[in-house]
Amino acid sequence: MIDPLKLENVAEYCGVTPQHLCRLFQDKIHISPNNYLTDIRIRQAKNILIKTDEPIQAISDKVGFSTSSYFTFVFKKRENMTPS
């Protein structure tokens, strides 16, 4: 299993504090690192949903959500529909 991506690890890799990394990211990309990553995960999940009939649990695991219920909550909030 792949370790979850953590802001602290990315900041350490870049040699800055997590707060400074967030500030830099927000200034350059105009979105928080967490929202950026969530956007990527949702976009990836949509591609998988279109191409397969895998269960929601498997898709949420593949794109990096901790639980399928949280994945469904976030998906519905961003896409105005459930992943089903």
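This is a predicted model: local features need pLDDT of at least 70, side-chain atom pairs count only at pLDDT 80 or more; totals for chains, interfaces and linings use all residues.
The protein chain has five helices and zero strands, with helices (H or I, at least four residues) and strands (E, at least two) taken as DSSP runs numbered from the N terminus. Residues are numbered from 1 along each chain as its sequence is written, and side-chain values use heavy atoms, with hydrogens and water left out. Local features need pLDDT of at least 70 and side-chain atom pairs count only at pLDDT 80 or more, while totals for chains, interfaces and linings use all residues.

**Overall fold**

- Along the sequence, the pattern of the protein chain is α-α-α-α-α.
- A box of roughly 40 × 30 × 20 Å, taken along the principal axes, holds the C-alpha atoms of the protein chain.
- Of the 84 residues in the protein chain, 19% are buried (under 20% relative accessible area, with exposed over 50% and partly exposed in between; 1.4 Å probe, protein chains only).
- Among contacts (heavy atoms within 4.5 Å) with a separation of 6 or more, 30% join residues 24 or more positions apart.

**Helices α3 and α4**

- Helix α3 (residues 33–51) packs on helix α4 (residues 56–63) at an angle of about 140 degrees, and their axes are 9 Å apart; axes are lines fitted to C-alpha atoms over the stretch in contact, and angles run from 0 to 180 degrees between N-to-C directions.
- The two helices, α3 and α4, are therefore oblique to each other (under 35 degrees is roughly parallel, over 145 roughly antiparallel, 65 to 115 roughly perpendicular, and the rest oblique).
- R41, Q44, A45, I48 and L49 of α3 meet I56, I59, K62 and V63 of α4 in this contact.
- The residues of the contact comprise six nonpolar, one polar and two charged (Ala, Val, Leu, Ile, Met, Phe, Trp, Tyr, Cys and Pro are nonpolar, Asp, Glu, Lys and Arg charged, and the others, Gly among them, polar).

**T38**

- T38 belongs to helix α3 and counts as buried because its relative accessibility is 15%.
- A polar atom of the T38 side chain lies 2.9 Å from the backbone oxygen of N34.
- Beyond its neighbours within four places in sequence, T38 is in contact with F65, V74 and R78.

**E79**

- E79 lies in helix α5 (residues 68–79), and at 27% relative accessibility it counts as partly exposed.
- Leaving aside neighbours within four places in sequence, E79 is in contact with I42 and K46.
- E79 and I42 are 37 residues apart in sequence, with 8.8 Å from C-alpha to C-alpha.

Methods. A polar contact is a pair of N or O atoms within 3.5 Å; within protein, one must be able to donate a hydrogen and the other to accept it, and residues adjacent in sequence count only if both atoms are side-chain atoms.
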